Amino acid sequence: MEVKTVLVCGGAGEVGEGIVHQLLAAGNRVVVQSRTEAKLAELRQRLGASSELKTIVGDVGTESAASALKAAIFEEGFELDAVVASIGSWWSGPALVDLDVKTYQQVMDDRLTVHFIVAKTFLPILADRPGSSYVFIHGSSGFYPIAHSGPVSIAGAAQVMLKDVFAKEMESKPVRINLLSMMSAIGTRSHPSADPEGLTADDVGQYVAYLVSERSSERGETIKYSSRRQLRDLNLS
Ligand SMILES: NC(=O)c1ccc[n+]([C@@H]2O[C@H](COP(=O)([O-])OP(=O)(O)OC[C@H]3O[C@@H](n4cnc5c(N)ncnc54)[C@H](OP(=O)(O)O)[C@@H]3O)[C@@H](O)[C@H]2O)c1
């Protein structure tokens with residue numbers, strides 16, 4: 001199996017950890033970005049020592065910070081084959097009519113603009129690389145209006161079109177750009193699912209490992225992931 005070098009932005013997060021775990025389990029080299037060294041240290045401790053796991057402190061919230069991260073990754077000698085953006089913490093608050101513009105803009109920045117910045121920073125280095133891919137991580141709130149989490153739903157809906165436009169603009173390039181949307185709550189280290197059939201962060205990770213692999217031919221897809229059966233249908237074994 002081919003070894004890919006995969007950057008996971010937000011890889012120290014709840015879902016990100018399962019993605020990192022399964023990318024490593026599938027034999028990939030994984031570079032994990034977080035703004036906080038303490039979160040990376042905890043991740044390394046939980047996942048155990050691996051020569052294929054590299055963690056790097058950096059921000060992706062501004063263009064200059066994301067460019068600095070890209071430069072730091074180059075300096076470490078990594079040539080990326082894939083990027084996974086598992087970014088965007090949950091938010092709830094006032095109904096839209098009571099929501100101040102500053103908070104609205106902040107949530108939109110944290111859940112949408114940051115995806116734009118990561119994609120515009122890293123897609124140029126993936127675009128012409130054979131076998132490369134980019135995966136946006138996403139949730140069902142972009143398809144259903146969630147009261148009191150309005151900007152989360154609005155940003156989620158726009159994130160689908162963000163992926164569509166990047167994919168359209170790069171349709172002649174080798175890079176495959178897809179969006180994986182979790183259609184339910186995900187069982188994670190802090191919030192394990194009570195439902196044995198419920199998807200976990202590791203299930204998300206297995207799907208991502210498939211999408212970045214050479215076995216996947218998906219491009220420009222919005223994949224609604226709601227059942228482990230979908231993974232089995234991909235013939236992962
Ligand atoms: N958890 C679920 O049940 C669930 C369900 C469906 C979909 N999802 C999707 O999964 C993705 C990750 O969610 P999660 O539950 O793993 O959330 P999480 O634990 O809060 O992790 C989110 C990650 O996003 C990064 N991040 C947040 N805001 C940022 C910003 N402004 N600039 C840079 N990085 C930022 C954080 O990085 P730092 O390490 O730097 O703090 C963090 O690691 C989201 O797209 C979410 O919609 C989650």
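**Reading a helix pair**

Mentor: Helix H1 (residues 14–25) packs with helix H6 (residues 201–212) at an angle of about 50°, and their axes are 7 Å apart. That angle makes H1 oblique to H6. Keep in mind that this is a predicted model.

Trainee: What describes two packed helices?

Mentor: The angle between the axes and the distance between the axes. Here there is also a hand: H1 and H6 cross in a right-handed way.

Trainee: Which residues in H1 and H6 meet?

Mentor: From H1, Glu 14, Val 15, Glu 17, Gly 18, Ile 19, His 21, Gln 22 and Leu 23. From H6, Ala 201, Asp 202, Val 204, Gly 205, Gln 206, Val 208 and Ala 209. The residues of this contact divide into seven nonpolar, five polar and three charged.

Trainee: Now the whole chain. How many helices and strands does the protein chain have?

Mentor: Seven helices and seven strands. Read from the N terminus, the order is β-α-β-α-β-α-β-α-β-α-β-α-β-α.

Trainee: What radius of gyration does the protein chain have, and what would a compact globule have?

Mentor: The chain has 17 Å. A compact globule of 237 residues would have a value near 18 Å, so the two agree. Along the principal axes, the C-alpha atoms fill a box of roughly 50 × 45 × 40 Å.

Trainee: How much of the protein chain counts as buried?

Mentor: 40% of the 237 residues.

Conventions: Residues numbered from 1 in each chain as written. Predicted model: local features only at pLDDT ≥ 70, side-chain atom pairs only at ≥ 80, totals over all residues. Helix = DSSP H or I, 4+ residues; strand = E, 2+ residues; numbered from the N terminus. Rg over C-alpha atoms; globule rule 2.2 N^0.38 Å. Buried ≥ 20, exposed ≤ 12 C-beta atoms within 10 Å, placed from the backbone. Axes fitted to C-alpha atoms, helices over the stretch in contact; angles between N-to-C directions. Parallel < 35°, antiparallel > 145°, perpendicular 65-115°, else oblique. Left-handed = near helix turned anticlockwise from the far one by under 90°. Contact = placed C-beta atoms within 7 Å. Nonpolar A, V, L, I, M, F, W, Y, C, P; charged D, E, K, R; others polar.
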